[in-house]
Amino acid sequence: MFYYEVALLKSPLNNLTFQSEEKIDIGSKVFIKLRNRKVLDEAVIIKEVEKPTFDCTNISEITNEFYDEKMLQISNFISTYYVCSIGEALSIYNPFDKNIEKISNEEKFDSKIVLSSLQQKAKEFLDEKKQALLFANTGAGKTEIYIKIIEEHLNQNRQAVLLMPEISLTPQMQKRLEKVFGKSVSIWHSKITKKKKIEILKGLQEGTIRLIAGARSALFLPYFNLGVIVVDEEHDDSYKSDSKPRLNTKDLAIYIAKKYNLQLVLGSATVSSSSFHKIPFFRLNETFHKTKKVYSFDDSQSNLSSKIIEKIEKTIKDKNQVIVFLPTRANFKYQICTTCGKSVECPFCSVSMSLHKNDLALKCHYCGYTQKIPDSCPSCNSGIIHNLRVGTAQIEEELKFHFPNNKIKRFDRDEIKTDSQLKTVLNEFNDGKIDILVGTQMLSKGHDYHNVKLAVVLGIDSVLNMNSYKSREKALSLLIQISGRSGRSGEGEVIIQTKNQEFFSHYLNESNYEEFLKSELEFRQDFYPPFLKMAKVIFSSSNGLKVKDEMEDYVKIFKDNKQIEVVGFGQSPIFKMANKYRYEILLRSNNIKALLNALHSINSPNAIIDMDTIY
């Protein structure tokens, strides 16, 4: 009889011991039967152990799927650093299949891309440093450099992965990669079908698929000879997962590349301060097209001021296109009573409901609860409800009123729900069938709009005033990314509605972004990442008193620990979510080991641990 320690996939439980009459390879996926459970559970063989003193249950079934040594090692790191079980860490991976045999694929590629002398210098720097950062202005041609680097790895029979934020999986990028790599490239993200996923996993293992371009989950596929990881738009916060394990895919890509000596290329026009501080970079500030950008500021209170309307009118008259950005979707984010001053909140979350006029409803963007629009204030039953903080749907409505003969489309998560919808809208926009595109951050994500001559930025102050140490970086980065969509070739104009003109005007020019990063790092020196590590612990339960007591108990424990600092504690900014009350503790330390030991000491099913929290 053989005895094995197994990790239960997707489970927070510690490893369990089971027995088998046959020898099983480490990393094999098996099925086990837990007591009182009618269905079998998936598990992974972690190691062989001595016969324990207690009786063991037999492993029910051995599958053909397995996790290789690298997957096990990285999952072990994820479990330690991001404070989760091995089973939770392993569950992010797609395993290998023993039934799939490798097919010899010696196909060579020729992108026919000729790099400029500065692009060539950038590529040589990235090759020499092995793990490096490409700090490239919008329109400087970083994609060409990515393709040349990937091409070299593929021509040496290695595999490559190009990571992009989910919404950046643009049809344009797909077309460019397919033009060079043909059927050897596949796109991977959450919206592809199960059948297509099985097909891609088979091709990747056989060797017929050599390059995967995709969202963060693309890093966790069965690569047998990975040579390079490219992380595009590396500054983007969507690389950080908001579900367990709360890992940061970009940071993990850096760890994997260093551990296994792979080439790593991080790229962005607005690089993150942490990457700028830690990773050698090459500054690529020439652009393919000579562009001239004019910035103007508007501090009016109205949604669309007369100045903005005039600029839009002129741009459309000149047969050019306009993009309008807002950080908020729906019609309005807040509904405030003019009598009692209270907002209309979700009954299950302590957040204001967002107004969706087309659906005749108020919706909660956190738990999905929907209700009809009330005639009067639900709190005092008499007040008139006033709408605050305008959203994309409202601006779309107002633009349609001002420009009834023009085609106006919305580009946000309420409107764009599938991959095909994304492609349709972008194709229509590029074909000139849409005059004005109104959207959220989705607008900023690496799309090339060649006829856009005007970008209107609304609501950027709400990003700048967020309760986060990263708010200045987020706001400026977002503004530069959106500005970069205007005047990709030729002249472009950007109108920014803000009360903070002094801050934005000083750093808006892309060449000044480096100066901003240096001043931001100086500001963070003794208090914030990348100089210190920060973690947030959220206690969440339908029993509010219980989690408040739990939080207070841990605050006492952490305050006695001289190697870590309790920065703050109390109710979470969103105190109630999906009918659960939430309290949190914010910790920081310059001693990673001490901070991780403190986090691993938390023993509560109500605790959610967020290492390297970004808020």
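Modeller: Welcome! Before we look at any site, a word on the labels: UniProt positions are given in the numbering used here, feature names are shortened, and annotations may be inferred rather than shown by experiment. This is a predicted model, in which local features need pLDDT of at least 70 and side-chain atom pairs count only at pLDDT 80 or more, while totals for chains, interfaces and linings use all residues. Residues are numbered from 1 along each chain as its sequence is written, and side-chain values use heavy atoms, with hydrogens and water left out.

Biologist: Which residues does the UniProt annotation "binding site" cover?

Modeller: In the unreviewed UniProt entry, one annotation of that name covers Cys346, Cys349, Cys364 and Cys367. These four are spread over 22 residues of sequence, yet they cluster in space, with a largest C-alpha distance of 8.8 Å. The entry also gives a "binding site" annotation that covers Cys337, Cys340, Cys377 and Cys380.

Biologist: How should I read the secondary structure, and where does Cys346 lie?

Modeller: Helices (H or I, at least four residues) and strands (E, at least two) are DSSP runs, numbered from the N terminus. Cys346 sits in the loop between strand 16 (332-337) and strand 17 (354-356). Cys367 is in the loop between strand 18 (361-363) and strand 19 (370-372), and Cys377 falls in the loop between strand 19 and strand 20 (385-390).

Biologist: Is Cys346 buried or exposed?

Modeller: The idea is relative accessible area: buried means under 20%, exposed over 50%, and partly exposed in between, using a 1.4 Å probe and protein chains only. Cys346 counts as buried because its relative accessibility is 4%. Cys377 is buried too, at 1%, whereas Cys367 is partly exposed at 32%.

Biologist: Which residues is Cys346 in contact with, leaving aside neighbours within four places in sequence?

Modeller: Contact means heavy atoms within 4.5 Å. With those neighbours set aside, Cys346 is in contact with Val351, Met353, Cys364, Cys367 and Tyr369. On that basis Cys367 contacts Cys346, Phe348, Cys349 and Ala578.

Biologist: Let's move on to helix packing. At what angle do the axes of helix 1 and helix 7 cross?

Modeller: Axes are lines fitted to C-alpha atoms, for helices over the stretch in contact, and angles run from 0 to 180 degrees between N-to-C directions. Angles under 35 degrees count as roughly parallel, over 145 as roughly antiparallel, 65 to 115 as roughly perpendicular and the rest as oblique. The axes of helix 1 (residues 69-81) and helix 7 (residues 249-259) come within 12 Å and cross at roughly 135°, so the two helices are oblique to each other. Helix 1 brings Gln73, Ile74, Phe77 and Ile78 to this contact, and helix 7 brings Leu252, Tyr255, Ile256 and Lys259.

Biologist: What is the make-up of that contact by class?

Modeller: Ala, Val, Leu, Ile, Met, Phe, Trp, Tyr, Cys and Pro count as nonpolar, Asp, Glu, Lys and Arg as charged, and the others, Gly among them, as polar. The contact of helix 1 with helix 7 has 6 nonpolar, 1 polar and 1 charged residues.

Biologist: And how are helix 1 and helix 17 oriented to each other?

Modeller: Their axes come within 9 Å and cross at roughly 80°, helix 17 being residues 592-600. Helix 1 and helix 17 are therefore roughly perpendicular. Ser79, Thr80 and Tyr81 of helix 1 meet Ile592, Leu596 and His600 of helix 17, giving 3 nonpolar, 3 polar and no charged residues.
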